[in-house]
Amino acid sequence: MTDEPTVSDRLKSIGDRLRSVGVQARSKLGEARSRLVAAYHSRPVRQFRSNTLNVIGLVIVLTLILTAIFAPMLAPHDPEEQHLRDRLEGPSAEHPLGTDQLGQDVLSRLIFGARVSLKIGVAVVGISLAIGTAVGVTAGYAGGYVDEGLMRLVDVLLAFPGLLLALVIAGILGPSLTNIMIALAIVGWTSYARVVRGSVLSVKEEEYVKASQLMGTGRLRIVGRHVLPNVMGPVVVLATLDMATVILSTAGLSFLGLGAQPPTPEWGTMISEGRYYLRSAWWVVNFPGLAIMFAVLGFNLLGDGLRDVLDPREEESVQNKGL
Amino acid sequence: MAGNKLNRRTVLKSAAAVGALSIAGCAENTSGNSSGVRIALNTDPTAEVWNTHGGITPYWTNVMEPLVWVNQEMDTEPWLATDWEQTSETTWEFAIREGVSFHNGDKLTADHVVYSFETLLSELAYAPGWLRLEGPESIVALDEYTVEFTTTEPFSVFPGNIAHNMVCIQHPDRNPDENRVIGTGPYQVDEVVVQQEVVTSSFDDYWNDAGQVDELVFEVIEDPNTRSLSLENDEIDIGMSPPRSQIDSLESNDGVEVARQETAGSCYGGFNLYDAPTDDPVLRRALNHAVDQQLIVDTILENVGSPARVPISPTIYWSAHDQVDPYEYDEDTASSLVEESAYGGEMITIVVPNDLVNGRDIAQVLLDDFTSVGVEAEIQMAERAQYSDLVRNGNGHLFLDTSGSNSGAADYVIYDSFHSDGDVNQRRYRNEETGVQNLGGEVDTLIEDGLQATESAVKEEKYVQAQERMKAQAVTLPVYYDEFVAAYQSGLEGVSFSPIPEFTSWTSLEK
């Protein structure tokens with residue numbers, strides 16, 4: 001008969017394990033905290049913090065992201081719930097931003113609209129960034145005919161007015177958010193390709209890249225280990241600024257009826273549907289307008305801030321020119 | 001560049017100059033002209049599509065006239081033709097009014113009528129099918145004042161069909177490249193400013209009652225809010241279709257009057273009768289009971305229009321509105337009918353053209369109503385051409401749109417939508433022997449009989465029977481009968497609109 005551990009032994013063992021996990025967690029947390037503190041006091045972050053506008057941009061973007069994530073908890077009403085008899089009611093305790101032409105709560109629709117805008121922004125910027133980076137790296141690193149061919153394709157696409165081309169593509173594909181994403185991504189990747197290619201042309205001439213080549217390192221490895229990490233700074237800046245453009249373009253295309261299908265709450269669609277009530281129910285149009293304005297402002301300020309930190313040469317050159 | 005430096009004086013001078021120019025610009029409008037009337041349309045009266053009509057729209061402007069007019073009762077009335085007679089199954093003789101002058105002084109004859117119809121047939125691809133006329137031999141001048149039309153098939157509603165603004169009589173010297181429009185109407189064109197306005201003046205030699213005001217200016221203001229503001233700012237005298245949300249405010253404005261006119265139009269959803277789950281009449285009845293049309297009219301439509309029972313507006317004399325009972329709004333009945341039906345939780349797609357006024361809002365109300373009785377639904381907005389394709393292919397379950405007549409023959413409203421060989425159903429009917437909104441069989445026969453009936457009573461009887469059968473099978477989900485609204489300065493007199501608003505005559509207008 002073997003000695004089986006008693007209940008108190010088991011509890012003790014569990015307690016010991018929990019204590020050990022707790023100690024480890026505290027240690028990890030401490031490490032993370034010190035890393036955060038170190039990062040907070042690092043030169044780039046100090047530089048970023050030194051400009052109030054950068055911080056405002058970051059706060060707006062974080063607010064937007066948190067709003068989108070916690071929309072179901074934050075929204076006071078179901079954004080699609082209609083109360084026709086309570087339509088076009090002004091701001092009140094029940095409906096802080098009023099109701100729209102279907103008696104839907106404007107605040108709740110704005111909160112859920114943040115999800116749509118961010119989702120499209122992230123998707124379009126992500127797709128554009130991936131395609132643009134791949135094309136830019138290929139063109140810049142391979143050079144020769146490959147570079148010529150890819151860059152002329154970029155030139156052709158850039159020759160079209162971006163939003164107009166997106167309008168045509170979305171018009172052909174039919175109204176839906178997915179089609180807007182496709183249209184904006186088709187239009188948007190070219191600027192990334194240009195920026196990445198320019199950076200790659202410069203980075204590939206660096207000593208460490210040459211050294212890697214002489215050591216016989218494979219092309220893909222050189223690109224992955226040495227080139228890409230050194231060209232991502234300007235790309236991140238561009239992506240942040242591009243989020244603002246994509247949000248604005250999505251709102252524009254939705255305003256024209258090419259975006260979200262009803263009853264999905266989307267800011268551009270809310271403005272489009274509410275514009276006939278501009279004179280009698282200002283809140284239906286103005287609050288989505290303000291939401292778009294703040295979102296665009298937030299990403300632009302954040303993008304400017306990141307550019308100052310990640311690409312200080314541009315600021316220097318501007319200062320040197322005395323502008 | 002010190003020389004270019006701005007100082008306060010320069011800025012003030014520039015601001016003063018800009019201000020003065022702005023004031024001068026604002027001051028220039030003809031609404032102050034005591035004998036001129038400015039009418040704001042919601043579409044461009046000079047759009048390229050009107051090149052067939054000399055470069056200006058034949059709607060509203062009273063510059064060109066048809067042979068047959070449509071009166072307030074939606075009946076046909078002699079106009080440039082004084083009489084007509086069906087001489088065989090496919091031939092019609094029209095007597096042309098004598099003593100009618102064109103704006104260039106020439107007298108109207110049968111040759112002008114032949115020229116006008118031939119122009120229409122050659123320049124508009126859809127005209128031969130629409131008018132049932134093909135080739136020059138289908139329009140012949142029998143003498144100076146008699147024209148014979150030969151239709152491609154027996155077409156009893158031919159006179160009503162050509163009672164349409166677009167089927168107007170023009171002089172051969174018209175020239176769209178020079179915006180030279182020559183008609184016979186009470187107003188003649190003085191100036192065309194492309195994409196902006198058409199300036200017309202009263203035609204002294206008009207054959208009928210001449211216009212009371214010297215000048216009518218038709219300008220385009222596409223945005224309804226801007227039209228409404230322009231009216232309140234006294235920049236225009238008449239504004240068509242103000243935003244519904246502004247009608248109450250305009251009606252309470254002392255300086256503005258609001259005119260309302262029931263039209264020959266209606267808005268309804270047509271069910272796809274051949275695809276599940278809307279192939280089940282019990283479910284279709286349930287969905288009819290689920291919708292409160294009165295609430296839609298009271299709220300979304302801001303009391304413009306009235307709740308519909310059938311897809312045909314009661315301004316058309318053969319509408320079955322008075323003969324059928326409506327599907328009363330009752331959620332409980334709707335829910336129990338849904339349970340009774342074969343509905344198994346499928347998604348119903350409501351297809352809506354994106355140019356349908358208030359279409360998005362109405363579709364969302366329908367979706368909400370359907371959901372509340374246990375039917376899943378989604379909305380698909382579509383650009384007009386795509387919408388037409390979706391309907392004809394039966395891609396969807398409920399097709400929301402408006403329907404109405406711009407001519408004295410409203411027969412096509414019922415034929416095109418509900419006859420198996422009508423425009424909406426033809427593609428699937430011919431390819432798959434099904435269709436979309438067509439019950440087929442007896443209803444097809446009734447529609448054909450109504451179409452060929454020459455007596456109003458017979459036509460009414462046949463069409464009413466067809467609508468009763470359609471109602472029993474809940475072929476449609478009627479939403480509202482349309483009402484036209486225009487706002488005008490209270491100093492104007494004689495403003496009244498036709499059930500086909502574009503047929504409005506301005507001759508009784510006084511300022």
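**Domains, a helix pair and the chain contact**

Chain B is divided into domain 1 (30–64 + 172–255 + 490–511), domain 2 (65–169) and domain 3 (263–482). The model is predicted, and the domain bounds of chain B come from an automatic or database domain assignment.

Consider first how domain 2 and domain 3 of chain B meet. Their centres, taken over C-alpha atoms, are separated by 33 Å. Eleven residues of domain 2 of chain B are in contact with 13 residues of domain 3 of chain B. On the domain 2 side of this contact, the elements that give two or more residues are β2 (68–70) and α4 (158–161) of chain B. The residues of that side comprise six nonpolar, five polar and no charged.

The next step is a pair of helices in chain B. Two packed helices are described by the angle between their axes and the distance between the axes. For helix α7 (residues 281–290) of chain B and helix α9 (residues 331–340) of chain B, the angle is about 160° and the axes are 8 Å apart. Angles over 145 degrees count as roughly antiparallel, so α7(B) is roughly antiparallel to α9(B). The crossing in which α7(B) passes α9(B) is left-handed.

Which residues make the contact between α7(B) and α9(B)? From α7(B) come B:Val282, B:Leu283, B:Arg285, B:Ala286, B:His289 and B:Ala290. From α9(B) come B:Glu331, B:Thr333, B:Ala334, B:Leu337, B:Val338 and B:Glu340. By class, the residues of this contact are seven nonpolar, two polar and three charged.

The two chains also touch each other. In the model, 18 residues of chain A are in contact with 23 residues of chain B. The side of chain A that touches chain B consists of eight nonpolar, seven polar and three charged residues. For the complex, the predictor gives an ipTM of 0.78 and a pTM of 0.82.

It remains to look at the confidence along each chain. Chain A has a mean pLDDT of 88, with 95% of its residues at 70 or more. Over residues 315–323 of chain A, pLDDT stays under 50, and the model has two contacts beyond four places in sequence for this stretch. In chain B the pLDDT averages 91, and 93% of the residues score at least 70. Residues 1–6 of chain B have a pLDDT below 50, and this stretch has one contact in the model beyond near neighbours in sequence. The pLDDT is also below 50 over residues 21–33 of chain B, a stretch with ten contacts beyond near neighbours in sequence.

How values were computed
Residues are numbered from 1 along each chain as its sequence is written. Chains are lettered from A and ligands numbered from 1 in the order in which they are written. This is a predicted model: local features need pLDDT of at least 70, side-chain atom pairs count only at pLDDT 80 or more; totals for chains, interfaces and linings use all residues. Axes are lines fitted to C-alpha atoms, for helices over the stretch in contact, and angles run from 0 to 180 degrees between N-to-C directions. Helices (H or I, at least four residues) and strands (E, at least two) are DSSP runs, numbered from the N terminus. Angles under 35 degrees count as roughly parallel, over 145 as roughly antiparallel, 65 to 115 as roughly perpendicular and the rest as oblique. A crossing is left-handed if the near helix is turned anticlockwise from the far one by less than a right angle, and right-handed if clockwise. Two residues are in contact if their C-beta atoms, placed from the backbone, lie within 7 Å. Ala, Val, Leu, Ile, Met, Phe, Trp, Tyr, Cys and Pro count as nonpolar, Asp, Glu, Lys and Arg as charged, and the others, Gly among them, as polar. pLDDT is the predictor's confidence in each residue, from 0 to 100.
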